Amino acid sequence: MKLFSFFLLPAMLIASAASASPLKQSDPVQMRCPTPESISYANHIYTAPVTLPGWEGSWNSQPHMQQNVERFVSSLYFVKEGVKEGVLVNCTYELANWSEIDLAYSRKGEEDTLSNLIVAIEGNANWTPESSSATERFYDCDSSADTCWFKAIKTVYQ
């Protein structure tokens, strides 16, 4: 079980992602974290493009020093009890110096806006609970970027 190395897990997310606004919705689409080879580095930011129709955007990190991206580590998903959808918190990768980076999704043109990607993981057995809390649960998927797919539903802005 990995210790949480959150990229963008604002306190507002835990309070309630559903109460944030406005939201941008496209048709739900199956999405996954980027593969390590699709991640590039420029201006101290790791990034990977998303070209899915209606979901154009990118996965972005906080500023970091440049290292090679070695491997996908895990995806982290947060859900509250009784909700079939939750927040894809981040995608985590290991760098050549053994440090980790977290990438979070942003829609095209909204990379500087704090948002949460609301997804459903139903139907993918690769996601496992990180705790047994009855009210708030984190799920982790550490198989591979390809097997940790999810259904993107909408983005919610803080």
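Q: In what sense do β5 and β6 pair, and over how many bridges?
A: In this predicted model, Val69 stands opposite Leu95 of β6. The pairing of β5 with β6 is antiparallel, and its bridges number eight.

Q: Which residue of β8 is the bridge partner of Leu88?
A: Strands β6 and β8 are paired in the antiparallel sense over three bridges. Leu88 is also listed among the residues with the most contacts inside the largest nonpolar core. Its bridge partner in β8 is Leu117.

Q: Which residue in the turn between β6 and β7 has a positive phi?
A: β6 and β7 run antiparallel and are joined by four bridges; in one of these pairings Glu94 has Glu100 of β7 as its partner. The two strands form a hairpin with four residues between them. The turn residue with a positive phi, about 70°, is Trp98.

Q: Why is β6 described as largely enclosed by the rest of the structure?
A: A residue counts as buried under 20% relative accessible area. β6 is largely enclosed because the number of its ten residues that are buried is ten.

Q: How many residues does the largest nonpolar core have?
A: Those with the most contacts inside this core include Met31, Trp59 and Phe150. Strands that each supply at least two residues of the core include β1, β6 and β11. Leaving aside neighbours within four places in sequence, Phe150 is in contact with residues including Met31, Trp59, Leu88, Leu117 and Trp127. The residue count of the largest nonpolar core is 30.

Technical notes
Residues numbered from 1 in each chain as written. Predicted model: local features only at pLDDT ≥ 70, side-chain atom pairs only at ≥ 80, totals over all residues. Heavy atoms only, no water. Core = buried A, V, L, I, M, F, W, Y, C linked by side-chain atoms within 4.5 Å. Buried < 20%, exposed > 50% of the residue type's maximum accessible area, 1.4 Å probe, protein only. Contact = heavy atoms within 4.5 Å. Pairing = 2+ DSSP bridges.
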